[in-house]
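This report is for a reader meeting the structure for the first time. Look at the sequence and the fold, then read on.

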Amino acid sequence: MLILLTALVAVSVVSLLIGAGEVGPQRVLGLLLSASDSEAQFIVWELRTPRTLIGIVVGIALGVAGALLQAISRNPLAEPGLLGVSAGAAFAVALALVLGASAATLRISVAQLGALVGCICVLSVARFRGVGNDPVRLVLAGAAFSGLLGSLTSLMLLYDQRAADEIRFWVVGSLAGRRLDDLVAVLPSLLVAAIAVVIMARPLAALALGERAASGLGHHPTLIRWVAVGCVALLVGAATAIAGPIAFVGLVVPFVARAFAGPDIRRTLWFCLPIGPLVVLTADIISRVVVAPSELPLGVLTALCGAPVLIAVVRAKRLPML
Amino acid sequence: MKIMANHSSLTGVATRRSHAVTNHAVPNHAAEHADSVLAPEGYWHIALPRWGYSFLLEKRALAVNMGLLVALLAACLLYLSLGSVPLAPSAVIPAVLGKGDMMTAFMVQELRLPRLIAACFTGAAFALSGILMQTLARNRLATPGIIGIDNGATAFAVASIVGMGVSIAPPAMALAGATTAAVLTFGLAAGSGTQGYRFIVAGIGVGAMFGAVTQLMLARVAIDTANAAYPWTVGSLNARPGGAVQLLGIGLALGIIAALALARSLTLLRFNDATASGLGVRVKARRLQILMLSVVLTAFAVAVAGPVGMVALIGPEIARSLSSARQVPILAATLAGALVMVLADLAGRTLLAPIEIPVGIVTAVVGGPWLLWILMRPQRSRP
């Protein structure tokens, strides 16, 4: 855990040091050692600091949401991006923009609502005969669902040029050009989700023993599931509202966290806290460097790194049962 | 005897001795001719004794194919008539032949007909490669689009357009991309076999990677080039590179012939490998041939229209629901694919006019719910 936290601090510092433009590591170091360099000051404090903070928050939100979703669907492949939860949020935002909304605060609640609907849709598909028993089939249903929502989103953007201009930079999933205001706006809902997760940790661990055992221990499986779905919606909606749909983070982070923490959901959730930001910030730094001077959308990079993990999980002889 | 003469003319088989066509319903006729064989129920036995050749023709398959062909022709007529300038169907048919009003002839021949041909070819190619791949994987969801082959072809084709230092024509690049994706998917799934859903999710992963590569390349180039390549990423018939359609046409013709030659093996490959090889199919060789055929067809179609998803799912699905379960409905799937594509592009052109919806979005909006429905239905017959 200590190693992970140290790594997180290191990556955050690197995130401040490296980036597009003329302001390289030396100038940033000079600034931090109290030289007066107005340009570097602007870049570091106004652009890179918010970006790093947003990366940390998005990483935590997506990682925890992935772990929650995997716990309640008992499916190691459940991932907000793959299952269409992020696509639901993006679709809701596009719909709101086409219908004439433009306020940034509205965007967050709309995205969370869309994530909730997407989450409920795909999990109710999982309740259908046969689909829920096969983890891999649920992913397929999610892929179909998010593909459908993605097409509907592009259809609306095609129809409404203004919304398209407003949304184009956002719909690919990136941390570039996000302001601290966005972060402040999502903090309350993240706080609510955090409290709910803390309260739910024990019941969730009980749920891992099976539905009957959980009710025997005095918990209400249905209630736990609903609260967890609500949390996932809050977290994914908030992350999507800031950074756009970013796939595979919710798959990779709990996967790595379980490797450290073992099967206990409480420990897994703790380990998600440093690992999520670590993954997102590393991907973000790479996205700034790899095609410099221009940048790569973060969502592209997480897909490139996350897809092999997906394949590795699927290829395992026995899927790890949750 | 009269009925049978009609049958032989219907099938287009020029038999001088019409009594060679026998029907199980009239066994006394068959008995009169010692060289005739009794056809099983639901089939016609067509014999060409002059060449020493005979085959069974399924009645239902013939009816289904004829029905789909008529529907396709009607859809084509509609496609040529509707648009920003509506034309009367009665004026369209002479215009196709180059007669009649100059303006109409120009509109039909220069603007709508090439696009219609591209729609027919790509739809047919997608659906044919879809039914081949589905039969190969024994899973109706295993279409080339879903297991990432479309995305591989697209990534390479976009690379040839945005010019990453390579200047090879899109079809060649698409072929290279499709092959790479197919090798990756089948290679990665090698441990778990090509059946079942794990194989498909591995394919989804491969597809996601190639999709990301496409985005990566689009992010690197100037905005104008990116806009030029955009239709490619969703699938559109608006940006057809010259030469690709002709190549697709040749490939499709050869592909249909090859698929028909493989038809018997395909039918038997629906059973497990042991049964198929017991019935005389060289399973390994046939699988490789079918896979290669499917990959090549997908690549050429993507080179024309980009990754139009779901046609490879919907076309075979329609064909299977119409046909009997005796055979793999290769021709019916091909025709149904062309029909779906023509109707989808027609809807994309006309529904929100003057805005044109790329055909890939139309098929995704229609096909997505369809795919979910297939997934949610309890497992029934296999393809």
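## Terms and ground rules

A salt bridge here is a side-chain nitrogen of Lys or Arg within 4 Å of a carboxyl oxygen of Asp or Glu. This is a predicted model: local features need pLDDT of at least 70, side-chain atom pairs count only at pLDDT 80 or more, and totals for chains, interfaces and linings use all residues. Residues are numbered from 1 along each chain as its sequence is written, chains are lettered from A and ligands numbered from 1 in the order in which they are written, and side-chain values use heavy atoms, with hydrogens and water left out.

## Salt bridges

Over all chains, the whole structure holds 6 salt bridges. One of them pairs Arg51(A) with Asp284(A), with the closest N and O atoms 2.8 Å apart. Arg51(A) sits in helix H3 (residues 38-73) of chain A and Asp284(A) in helix H12 (residues 265-289) of chain A, so the pair ties together parts 233 residues apart in sequence. Helices are DSSP runs of H or I with at least four residues, strands are runs of E with at least two, and both are numbered from the N terminus. Both Arg51(A) and Asp284(A) are buried. Buried means under 20% relative accessible area, exposed over 50%, and partly exposed in between, using a 1.4 Å probe and protein chains only.

Chain B has a network of salt bridges that links Arg115(B), Asp345(B) and Glu356(B). Arg115(B) bonds to Asp345(B), the closest N and O atoms being 2.8 Å apart. Arg115(B) lies in helix H5 (residues 102-137) of chain B and Asp345(B) in helix H15 (residues 330-350) of chain B, so this pair ties together parts 230 residues apart in sequence. Glu356(B) also forms a salt bridge with Arg115(B), here with the closest N and O atoms 3.0 Å apart. Glu356(B) is in the loop between H15 and helix H16 (359-376) of chain B, 241 residues from Arg115(B). Glu356(B) counts as partly exposed, at 28% relative accessibility. Arg115(B) counts as buried, at 8%.

## Chain A as a whole

Chain A has 13 helices and 0 strands. Of its 322 residues, 56% are buried. Among contacts in chain A with a separation of 6 or more, 77% come from residues 24 or more positions apart. Contact means heavy atoms within 4.5 Å.

## Core

The largest nonpolar core has 203 residues. Such a core is a set of buried Ala, Val, Leu, Ile, Met, Phe, Trp, Tyr and Cys residues joined through side-chain atoms within 4.5 Å. Val58(A), Leu68(A), Leu141(B) and Ile200(B) have the most contacts inside this core. H5(B) gives the most to the core, with 15 residues.

Which residues does Ile200(B) contact, leaving aside its neighbours within four places in sequence? They are Leu140(A), Asn139(B), Leu141(B), Ala142(B), Ile146(B) and Ile147(B).

## A helix in chain B

Helix H13 (residues 283-305) of chain B has 23 residues. H13(B) is mostly covered, with 17 of its 23 residues buried. Gly306(B) follows H13(B), and the phi of Gly306(B) is positive, near 80°.

How values were computed. The expected span of a helix is 1.5 Å times one less than its number of residues.
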